[in-house]
Amino acid sequence: MKKNSKITLCLACLCLQLTNVLAQEIQRVEIAHDKLNEFVNLRDFCISSANDEIYFTIQSPFQEISQIAYMKKTNGEWTSPELMAFSNKFSDLEPFLSPDQTKLYFASNRPLNDTSNTEKDYDIWYIERADKQSPWSIPINLGEPINTGQDEFYPSVSKNGNLYFTLDSPSGMGKDDIYFSEFKDGIYLQPHLLDSAINSPGYEFNAFVSKNEDFLIFTKYNSEDGFGSGDLYISTKDINNNWTQAENLGSGINTKFMEYCPFYDEENEILYFTSRRNNIEKRTFENFESLKSYLTESENGLSKIYKVKYKVNKPER
């Protein structure tokens with residue numbers, strides 16, 4: 001065998017080994033929870049640090065209706081989904097439970113005045129409680145400088161209170177961009193646009209920030225190095241506390257369909273996300289029930305919440 005042929009063969013073997021290693025690191029993607037598989041359209045998901053509370057958004061197919069629901073684990077069993085008490089005719093979505101579990105942030109187009117029946121642009125709101133045994137408060141608007149006359153979406157908060165969110169602003173880098181606001185002395189400072197390691201002239205949105213603010217998982221839409229539609233990307237903090245260039249999470253997670261709304265369970269190293277993946281194929285059915293089951297439980301192109309075991313490799317800082 002020629003020397004060049006041996007080198008080519010060795011490189012091919014190395015690539016295969018690397019592919020196998022990556023395949024072992026990323027496990028099979030599956031539906032996040034059996035009780036969530038019955039709904040027509042789901043998006044957004046967060047789970048408590050004790051894995052005993054789940055919050056998520058239920059929507060109509062064309063998003064005319066958007067409300068936040070929850071489930072709790074009681075005596076080792078998950079309760080049936082229930083709507084949050086504040087959900088009404090306005091659109092509520094994208095719940096995020098704070099690391100200390102005392103605040104639930106979300107986006108909503110509800111009016112500032114409870115007596116008004118007119119929806120407004122989307123703002124970031126929150127409800128709060130003294131502890132997990134206490135009731136939630138009424139919704140509280142986060143106010144300026146976070147909320148503006150533009151649409152604010154997808155709040156995510158680190159352990160120190162710093163806030164990351166999506167903003168569609170004419171002064172941004174692209175159509176949708178990811179912004180950051182420092183929480184200092186009990187207030188949020190003026191938000192600023194994250195740099196080109198995260199944002200681009202295209203679309204970046206739905207950013208999840210880790211508790212220690214050392215990694216960020218978010219969606220890029222129709223990126224040149226993507227698989228099509230929206231893909232999940234990750235960026236980590238370097239030794240100088242700067243965000244590194246975001247990297248695609250790969251084909252083990254992303255597809256040619258839309259992947260978005262990430263939430264990462266750091267204790268159990270599980271990535272939750274919403275996807276519109278579709279593997280529906282033409283086939284013959286034994287009866288109506290088998291048809292119904294196939295259309296409902298399959299990856300059917302509607303927004304569903306998935307999970308996958310995924311370890312974030314964070315560089316030493």
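Visitor: Which residues does N300 touch, not counting residues up to four places away in sequence?
Guide: This is a predicted model. N300 sits in the loop between α2 (288-297) and β23 (304-309). Leaving out residues up to four places away in sequence, N300 touches R277, N278, I280 and L295.

Visitor: Is N300 buried or exposed?
Guide: Buried means under 20% relative accessible area. N300 has 16% relative accessibility. N300 therefore counts as buried.

Visitor: Which backbone nitrogen does the side chain of N300 reach?
Guide: The side chain of N300 has a polar atom 2.7 Å from the backbone oxygen of L295. The N300 side chain also reaches a backbone nitrogen, at 3.1 Å. That nitrogen belongs to L302.

Visitor: How many bridges join β8 to β9?
Guide: β8 covers residues 103-108 and pairs with β7 over four bridges. β9 pairs with β10 over two bridges. β8 and β9 run antiparallel, and the bridges that join them number six.

Visitor: What is the bridge partner of L93 in β8?
Guide: β7 and β8 pair in the antiparallel sense. Within β8, the residue bridged to L93 is A107.

Visitor: Why is strand β9 largely enclosed by the rest of the structure?
Guide: Strand β9 spans residues 123-128. It is largely enclosed because, of its six residues, the number buried is five.

Visitor: What is the relative accessible area of F165?
Guide: F165 lies in strand β12 (residues 163-167). Leaving aside neighbours within four places in sequence, its contacts include I124, I146, F153, Y154, I178 and P191. F165 is buried, with a relative accessible area of 1%.

Visitor: What distance separates the C-alpha atoms of F165 and V209?
Guide: F165 and V209 are 44 residues apart along the chain. Their C-alpha atoms are separated by 9.6 Å.

Notes:
Residues numbered from 1 in each chain as written. Predicted model: local features only at pLDDT ≥ 70, side-chain atom pairs only at ≥ 80, totals over all residues. Heavy atoms only, no water. Pairing = 2+ DSSP bridges. Buried < 20%, exposed > 50% of the residue type's maximum accessible area, 1.4 Å probe, protein only. Polar contact = N/O pair within 3.5 Å; in protein donor to acceptor, adjacent residues only side chain to side chain. Contact = heavy atoms within 4.5 Å.
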